[in-house]
Amino acid sequence: MLLPQKAHSRLQYGAGRLAAALRAAGYQVQVQQADKLPKTKGLIVIGQAADPLVRQATAAFRATSDQAPGKEGFAITSAKDDALLISGADNSGALYGCLELAGQVKNQGRLSDNLHLTDQPEMVLRGTCIGVQKPTYLPGRGVYEYPYTPETFPWLYDKALWIKYLDMMADNRLNSLYLWNGHPFASLVRLKDYPFAVEVDDATFRKNEEMYRFLTEEADKRGIWVIQMFYNIIVSKPFAEHYKIKTQDRARPIVPLIADYTRKSIAAFVEKYPHVGLMVALGEAMEGAGQDDVDWFTKTIIPGVQDGLKALGQTEQPPIVLRAHDTDAPRVITAALPLYKNLYTEAKFNGEALTTYTPRGSWAELHRQLSGMNSVHIENVHILANLEPFRYGSADFIQKSVQAMHRTYGANGLHLYPQASYWDWPYSADNVAGRQLEVDRDWIWYQAWARYAWHADRPRPAEIAYWGKELGAKFGCDEQAGEQILEAYEQAGEIEPKLLRRYGITDGNRQTLTLGMLMNQLIDPKRYGLFTLLYESEAPEGEMIIEYAEKEAKGEKHVGETPPQVAAEVVAHGRAAVAAIERAAPAITRDKAEFERLKNDMYCQDALANFYAEKARAALQVLRYKYSHNVQDLAAAVPLLQSSVAHWQKLVGLTKGTYLYANSMQTSQRKIPMRGVDGTYKTWAEMLPVYQRELADFQHNLDSLKTAKSSVATPKAQVLRNAPVVLLNKKPQPLWIAAGQPAFADTTARITAFAPELAGLEGVLFSRAQQVAQGTEIRFSTKKPVQVLVGFFTQKSPRYLPVPTLEIDASANDYGQADSKILNALAIEGMPPVNVHAYSFKAGTHTLNLARGSCVVLGFVDATQPLRTYDAGLGEGVRKVGELDWLFE
């Protein structure tokens, strides 16, 4: 085996992998480097097509002119004297040629005769990501704030693990690795002007330097580009403490000090690690989408990269990937392209879930717009909050998703998250002694996405045979049994996507689908911050449960995929998945423990499908009563809800002892079905009493309703009492919640109606113009815990304060403010209805900064006073059709 004298490390790595495969097949192999061709038989020459050595070989062996295609392409050509040429369009192409031939030798046990093969990938970037983050916040820190230390991330310093992972990437021809972290710079570089900003001690800093260089060098050998992601605007904790500011504050405007620190951090990083790309998330830690995003990207980030290049004396631009999340990405890219050419864009494929291969609507339009700009657009398969923790290996669903990336979105890159346990990487959630590595468990996840990112359009019959062989090899069974395992994967692979896209609240990771949903979340989703993009863009055309029920009541025609249809389909999928995995079971001879875990997952998903199907049917019966007022409609829901709880009991049994948790994000950001506080409500067993109590409450309230033979009155409103706080704003003006009172200090708009709980509250009167231009700041002190009640207008507009939305703002529930407490609680003349949210504060002195846009600060109430969640039905255009939430409370 011969390489050029000065062969790139990728050629050396590829030759090494090929030599190992040949030796395992019984061949005698030597790897040498030279610039001249020796006279010997059985020679394998490896290099770029333009290398003199490859040209010599082509002429000497009179090889046919198989030309390597474009970027990362390769040609493998048989020649006389048993010679082989592996010619790459570039070093990565030659590497992939070696890996292709090594794979053939491994599968066939020998070198094939008369090889003439050319190939190249379709997608330009094919990458995976690893979160350098944790399931919970570190003490005294906010979201995404995780310094690189051996104590927090012992795996980060495990070289053997990195080699294993990078080899997996190479095997799958993945060429980019994204490392996700809020503010990595303070763990990797020192700044002359801000030496105190470093977040780690000297010994750790040296370890970080050494590990980062090791990682980037090993990645480069395998044709992998390392990309460091960071959030904006986040500063290091020592920097924040030095200047007595917050590490992150979404409502904070751009200030010169933070811009200077960030620009110099980026410059130092580029100078130190010139071959590492950067991925920029403008959203979440910056306020919304607007000029600030454009300015930050063009006046801080890009100049920082350019400063680093100048210090290096380098003109080749490292790529910058702009994450199109909570920002106007087309506007930012348009402003940035005249300044910097090597730009990419990235956006989520199905939000933070996997829901459909038929994306549509406004989200598809955004992807197409980004794909049409002068940059490569990358599809991000993100978080997978609806799939974890169960195994996912539906090759069919994945193939169709990649095809949609090309055909519907026009994209040409893949950015793939782990299938499960993103926040707990490198481990899976399985309860296995010593923990199970996610990269081992979910091998098929990586292999399937990578296979179709390389070539998306592969004939289905051949794919069934391919995966049958792969699964057969994995579990030591024949191809037929392997195809049954594939069938189980593919049947189960339809369940969670269909459930979320037809019953869910959100495509984000504030919902853990596999922990179920409450009845009120099914019958009153708007109360829980319904994220409508899930239904409008990330699902085929169809109806939500509440839409279906209303159409049924009105006798209207249904459209597209319906809730009863999905209930029937997921039950059928679960039954088929179990049957297929049982058919394969007798043939398994290898890795039996993992097969048993896979089989258990099929039973888990079957139970989950039945739980949801019965509960959705019960929800439809309850909503029927909303329009019919016939108690028998409610009574018909009881056996369905009982059956749902019975299926959940079965799921509890299947997961007890087999799983450590359902969701790897174990913070208060999780809201559905239950708020995850201090690591609670992360197992199925914890949810069982919740569902049992829900059933008992429903039966009790139904009995009361039957006895009364009329509608039972909903609970009476308890008037909220003003809490004694001291306002520290300069010359605060009081806002009285009463009819006819002004809503703002600078308009004539007055309060016309309000929820009875709010009567007599004393809030703060603000200038609406000032709120729109500068935001709202509330400074106060309190001796007892309080809740600040803030009214958000229901209309989306730059004129109104954006509603706290966890899908785009990870800090949107830091004060428990994410959910509306009283919907349509306030009517103000000439303005949209107002929903009330509550911000919780402990005793002490506080400053609450709200972003730009008008809102109503309604008052301060004792934190212990109950605040009932319901729809008051006030405001222009609001139509109230009876409350049902009380039935389950």
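Predicted model: local features only at pLDDT ≥ 70, side-chain atom pairs only at ≥ 80, totals over all residues.
How do the residues lining the second largest pocket divide into nonpolar, polar and charged?

Let me start with the pocket itself, which has a volume of about 1,600 Å³ and is lined by 36 residues, with Gly 103, Asp 171, Gln 447, Tyr 466 and Glu 470 lying nearest its centre. As for the opening question, the lining consists of 16 nonpolar, seven polar and 13 charged residues. Several elements give two or more residues to this lining, namely α1 (9-24), α3 (91-108), β6 (116-119), α4 (159-171), α13 (438-441), α14 and α15 (460-475). Among these, α3 supplies the largest share, eight residues.

In soluble globular proteins, nonpolar side chains tend to be buried together. Here the largest nonpolar core has 146 residues, and those with the most contacts inside it are Trp 162, Leu 177, Phe 297, Trp 445, Trp 449 and Ile 485. Its largest share, nine residues, is given by helix α14, which covers residues 443-454. Apart from this core there is another one, of 70 residues, which includes Phe 390, Ile 505, Leu 534 and Tyr 659.

Phe 297 deserves a slide of its own. If we set aside the neighbours within four places in sequence, Phe 297 is in contact with Val 280, Leu 282, Ile 302, Pro 303, Ile 320, Leu 322, Val 332, Ala 336 and Leu 343.

I turn now to strand β5, residues 84-88. Five of its five residues are buried, so this strand is largely enclosed by the rest of the structure. The burial holds for both faces, with Leu 84, Ile 86 and Gly 88 on one side, and Leu 85 and Ser 87 on the other.

What, then, pairs with β5, and in which sense? Strand β3, residues 44-48, pairs with β5 in the parallel sense over five bridges, while strand β4, residues 74-78, runs antiparallel to β5 and is joined to it by five bridges.

Technical notes
Residues numbered from 1 in each chain as written. Heavy atoms only, no water. Buried < 20%, exposed > 50% of the residue type's maximum accessible area, 1.4 Å probe, protein only. Helix = DSSP H or I, 4+ residues; strand = E, 2+ residues; numbered from the N terminus. Pairing = 2+ DSSP bridges. Core = buried A, V, L, I, M, F, W, Y, C linked by side-chain atoms within 4.5 Å. Contact = heavy atoms within 4.5 Å. 1 Å grid on protein atoms, 1.4 Å probe; cavity = no way out; pocket = protein on both sides within 12 Å on 5 of 7 lines; lining within 4 Å. Points joined across faces, edges and corners; volume = space filled by probe spheres on them. Nonpolar A, V, L, I, M, F, W, Y, C, P; charged D, E, K, R; others polar.
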